Amino acid sequence: MATVKFEKAQRWYPGADEPAVPGIDLEINDGEFMVLVGPSGCGKSTTLRMLAGLEEVNSGRIFIDDREVTYVPPKDRDIAMVFQNYALYPHMSVADNMAFALKMAKVPEEKRRERVNEAAAMLGLTEFLDRKPKALSGGQRQRVAMGRAIVRNPQVFCMDEPLSNLDAKMRVQTRTDIAKLQSELGVTTCYVTHDQVEAMTMGDRVAVMKLGVLQQVDTPLKLYDKPQNLFVAGFIGSPQMNLMEGVADNGEVKIGGYHVPVDETAEKKMNGKVTVGVRPENWRIVSDGEGGLPVQVTVVEELGADSYVYGTCDVEGTPADVIIRASGRSHPHRGDTLYVTTDPHHVHVFDTESGERLSD
Ligand code: ADP
């Protein structure tokens with residue numbers, strides 16, 4: 001087991017106008033499941049590949065425990081990588097695929113078999129050991145790829161979008177399997193995904209990236225409850241947090257005639273253009289006359305347990321979208337006008353220009 005530390009690690013691809021990752025500082029604790037998440041092209045894979053030694057580091061340093069590995073070849077880093085496309089050898093059986101790296105490392109055959117059998121049992125692959133990859137489902141192939149990583153008993157797992165090629169149902173199941181396995185094995189893991197739900201459900205901590213730069217590194221709940229900037233607020237959570245622009249005046253802000261309640265911290269810090277954020281589940285539907293935000297309902301999604309009400313409100317003459325989570329059984333309907341309010345501790349306030357969080 002091991003810790004991982006990036007110290008201002010930079011990757012500047014030859015010929016590019018600017019670095020893909022200008023200089024990342026990130027520490028992963030021993031045994032921790034760290035997820036790197038962000039939109040496509042934000043530098044997640046580049047960061048992971050720098051750790052795995054598959055991408056050159058142009059400046060800065062990377063450590064595994066106290067050992068600097070910045071210039072250590074990939075095979076000597078004691079890292080196992082799991083890729084999106086599984087990267088299995090098609091002509092080899094499952095058992096041979098899993099044992100391949102051990103064979104290269106000259107591990108004796110008996111020991112190899114023992115480790116493969118152990119990993120196969122852990123992954124529910126025992127009955128498939130003699131099959132070729134093409135005779136397996138996508139989920140099973142991904143488990144073989146995991147098995148290949150496990151048998152090496154590495155200090156660190158690096159996983160690059162390992163679930164992307166699976167269908168939705170398989171993805172949900174496999175994500176639980178991987179998270180469970182990682183926690184049983186306790187191997188420090190760095191996992192890349194563009195899917196924020198995957199990040200939130202799997203990570204001990206999640207590192208949100210944008211344009212090569214870390215925005216916030218926190219536990220899933222902390223990211224959800226206290227996004228440190230507008231980008232994180234909009235990226236984490238599905239459906240998205242409602243974000244509405246207004247102008248603060250004397251510690252107060254009104255959106256579409258609704259006097260938004262904000263906490264004391266925001267009250268003191270707000271100045272000029274602010275963006276107010278409320279999660280869909282934090283609206284309360286009230287009756288007309290209670291001073292709520294008027295919303296015209298355009299679409300209602302019924303999900304059984306809940307429903308999501310999509311509508312628009314009028315912000316200084318411009319329609320703004322609003323999403324409200326309501327009960328699955330008694331909820332408003334298309335064409336209704338409803339009124340919603342919320343509480344100060346559910347209101348996230350950001351400076352519109354800098355994106356910085358202003359509420360507590
Ligand atoms: P992500 O994994 O978040 O989708 P990447 O790390 O793959 O992002 O890419 C980050 C940026 O670096 C992107 O702008 C991408 O186009 C660029 N990039 C990635 N790989 C290369 C490469 N081999 N050569 C040049 N540019 C690259």
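Reply: Two strands pair if DSSP finds at least two bridges between them. Helices (H or I, at least four residues) and strands (E, at least two) are DSSP runs, numbered from the N terminus. The model is predicted: local features need pLDDT of at least 70 and side-chain atom pairs count only at pLDDT 80 or more, while totals for chains, interfaces and linings use all residues. Residues are numbered from 1 along each chain as its sequence is written, and side-chain values use heavy atoms, leaving out hydrogens and water.

Me: Which residue of E8 is the bridge partner of valine 37?

Reply: Strands of a sheet pair through backbone hydrogen bonds, either parallel or antiparallel. E3 (residues 33–37) and E8 (residues 188–193) pair in the parallel sense, over five bridges. For valine 37, the bridge partner in E8 is threonine 193.

Me: Which strands are the edge strands of the open six-stranded sheet?

Reply: The pairing in this open sheet of six strands is mixed, and the order is E6-E7-E8-E3-E9-E10. Neighbouring strands in the sheet are turned against each other by 15 degrees on average, direction ignored. An edge strand here pairs on one side only, which applies to E6 (79–82) and E10 (213–218).

Me: At about what angle to E6 does H4 run?

Reply: Axes are lines fitted to C-alpha atoms, for helices over the stretch in contact, and angles run from 0 to 180 degrees between N-to-C directions. Two helices lie across strands of the six-stranded sheet. H1 lies across E3, E6, E7 (156–160), E8 and E9 (205–210), at about 150 degrees to E7. H4 lies across E6 and E7, and its angle to E6 is about 175 degrees.

Me: How do H3 and H4 lie relative to each other: parallel, antiparallel, perpendicular or oblique?

Reply: Two packed helices are described by the angle between their axes and the distance between the axes. H3 (residues 109–123) and H4 (residues 138–151) pack at about 135 degrees, their axes 9 Å apart. Angles under 35 degrees count as roughly parallel, over 145 as roughly antiparallel, 65 to 115 as roughly perpendicular and the rest as oblique. H3 and H4 are therefore oblique.

Me: How many residues of the contact of H3 with H4 are nonpolar, polar and charged?

Reply: Contact means heavy atoms within 4.5 Å. On the H3 side are Arg115, Val116, Ala119 and Leu123, which meet Arg143, Met146, Gly147, Ile150 and Val151 in H4. Ala, Val, Leu, Ile, Met, Phe, Trp, Tyr, Cys and Pro count as nonpolar, Asp, Glu, Lys and Arg as charged, and the others, Gly among them, as polar. The residues of this contact divide into six nonpolar, one polar and two charged.

Me: What angle does the direction of H1 make with that of E1?

Reply: The open sheet of four strands has antiparallel pairing and the order E2-E1-E4-E5. E1 (residues 4–11) is joined to E2 by five bridges, with alanine 9 opposite isoleucine 24. H1 (residues 44–52) packs on this sheet, touching E1, E2 and E4 (59–64), and its direction makes with that of E1 an angle of about 115 degrees.

Me: Which residue takes a positive phi in the hairpin of E16 and E17?

Reply: E16 (residues 293–302) and E17 (residues 306–315) pair in the antiparallel sense over six bridges. Valine 300 stands opposite valine 309 there. Three residues lie between the strands of the hairpin, and the positive phi, near 95 degrees, belongs to glycine 304.

Me: Which residue takes a positive phi in the hairpin of E17 and E18?

Reply: E17 and E18 (residues 318–327) run antiparallel and are joined by ten bridges. Aspartate 314 has proline 319 of E18 as its bridge partner. The hairpin has two residues between the strands, and the positive phi, near 45 degrees, is that of glutamate 316.

Me: What is the centre-to-centre distance of phenylalanine 231 and phenylalanine 235?

Reply: Rings of Phe, Tyr and Trp (its six-membered ring) pair if their centres lie within 6.5 Å; planes under 30 degrees apart count as stacked, over 60 as edge-to-face and the rest as tilted. By this rule there are three aromatic pairs. Among them, phenylalanine 231 and phenylalanine 235 are stacked, with 15 degrees between the planes and a centre-to-centre distance of 5.7 Å.

Me: Why are phenylalanine 231 and phenylalanine 235 separated by about one helical turn, and in which helix?

Reply: The two residues are four residues apart in one helix, which means a separation of about one helical turn. That helix, residues 230–235, is H8.

Me: Which residue is joined to serine 238 by a cis peptide bond?

Reply: Omega of this bond is about -5 degrees. The residue in question is found in the loop between H8 and E11 (242–249). Serine 238 is joined by the cis bond to proline 239.
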